[in-house]
Amino acid sequence: MGHRGGGRSVHHNVLVAGANAVSVDAVGAAIMGFEPTRVAHLALAQRRGFGVADLGPIWTRGNEIEQARCP
């Protein structure tokens, strides 16, 4: 299966779930190697009060983000 832009498929084998979609997406972005507050839709959602994109106050359970990270 081809990928546009020459990218490759990366399987992280982790499950990310939570009560706040912005925080869940922020953790997912961090696992993929992105800085969540620099992801446009996450920064906008945080500014509008929909949730937290800054990883500091987000509590995770299980593996730490650094353990699951695979850019």
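The legends below walk through several close-up views of this predicted model.

Residue numbers start from 1 along each chain as its sequence is written, and side-chain values use heavy atoms, with hydrogens and water left out. Because the model is predicted, local features need pLDDT of at least 70 and side-chain atom pairs count only at pLDDT 80 or more, while totals for chains, interfaces and linings use all residues.

**View 1. The whole chain, for orientation.**
Let us start with the overall layout: the chain has three helices and zero strands, in the order α-α-α along the sequence. Helices here are DSSP runs of H or I with at least four residues, strands are runs of E with at least two, and both are numbered from the N terminus. Along the principal axes, the C-alpha atoms fill a box of roughly 40 × 25 × 15 Å. The accessible surface comes to about 5500 Å², and 53% of that belongs to carbon and sulfur atoms; such areas come from the Shrake-Rupley method with a 1.4 Å probe, and for residues only the protein chains shown count as cover. Of the 71 residues, 27% count as buried, a label that means under 20% relative accessible area, with exposed meaning over 50% and partly exposed in between (1.4 Å probe, protein chains only). Among contacts with a separation of 6 or more, 50% join residues 24 or more positions apart, where contact means heavy atoms within 4.5 Å.

**View 2. Helix α1, a mostly covered helix.**
Nine of the eleven residues of α1 are buried. They are V22, S23, V24, A26, V27, G28, A29, A30 and I31. These buried residues pack against both α2 and α3.

**View 3. A30 and its contacts.**
Zooming in on α1, we come to A30, which counts as buried because its relative accessibility is 0%. Leaving out residues up to four places away in sequence, A30 touches P36, L55, I65 and R69. D54 sits 24 residues from A30 along the chain, and their C-alpha atoms are separated by 10 Å.

Helix α2 spans residues 40-47, and its buried residues are L42, A43 and A45. Seen down the helix axis, the buried residues of α2 fall within an arc of 165 degrees, so they line one face of the helix; the arc is that of the directions from the axis to the C-beta atoms. Their packing partner is α1 (21-31). On the face turned away from the buried side, look for the exposed residues A40, H41 and R47. Just after α2, G49 takes a positive phi of about 85 degrees.

Rolling a probe the size of a water molecule over the atoms shows where empty space is left. The largest pocket holds about 380 Å³ of space. A pocket, on a 1 Å grid over the protein atoms alone, is an open set of points where a 1.4 Å probe fits, with protein on both sides within 12 Å along at least five of seven lines; lining residues have an atom within 4 Å of a point. Grid points are joined across faces, edges and corners, and the volume is the space filled by probe spheres set on the points. Of the 19 lining residues, L15, V16, V27, T60 and R61 are the closest to the pocket centre. Helices α1 and α3 (65-68) each supply at least two lining residues, and α1 gives the most, with four. By type, the lining has twelve nonpolar, five polar and two charged residues. In this count, Ala, Val, Leu, Ile, Met, Phe, Trp, Tyr, Cys and Pro are nonpolar, Asp, Glu, Lys and Arg are charged, and the others, Gly among them, are polar.

**View 4. L15, in the segment before α1.**
L15 is found in the segment before α1. With a relative accessible area of 79%, L15 is exposed. G56 is 41 residues from L15 in sequence and 20 Å away in space, C-alpha to C-alpha.

**View 5. E64 and R69, two partly exposed residues.**
E64 lies in the loop between α2 and α3, and its relative accessible area of 42% makes this residue partly exposed. The C-alpha atoms of E64 and I31 are separated by 9.5 Å, although the two residues are 33 apart along the chain. R69 belongs to the segment after α3 and is partly exposed at 35% relative accessibility. Setting aside neighbours within four places in sequence, R69 is in contact with A30, I31 and G33.
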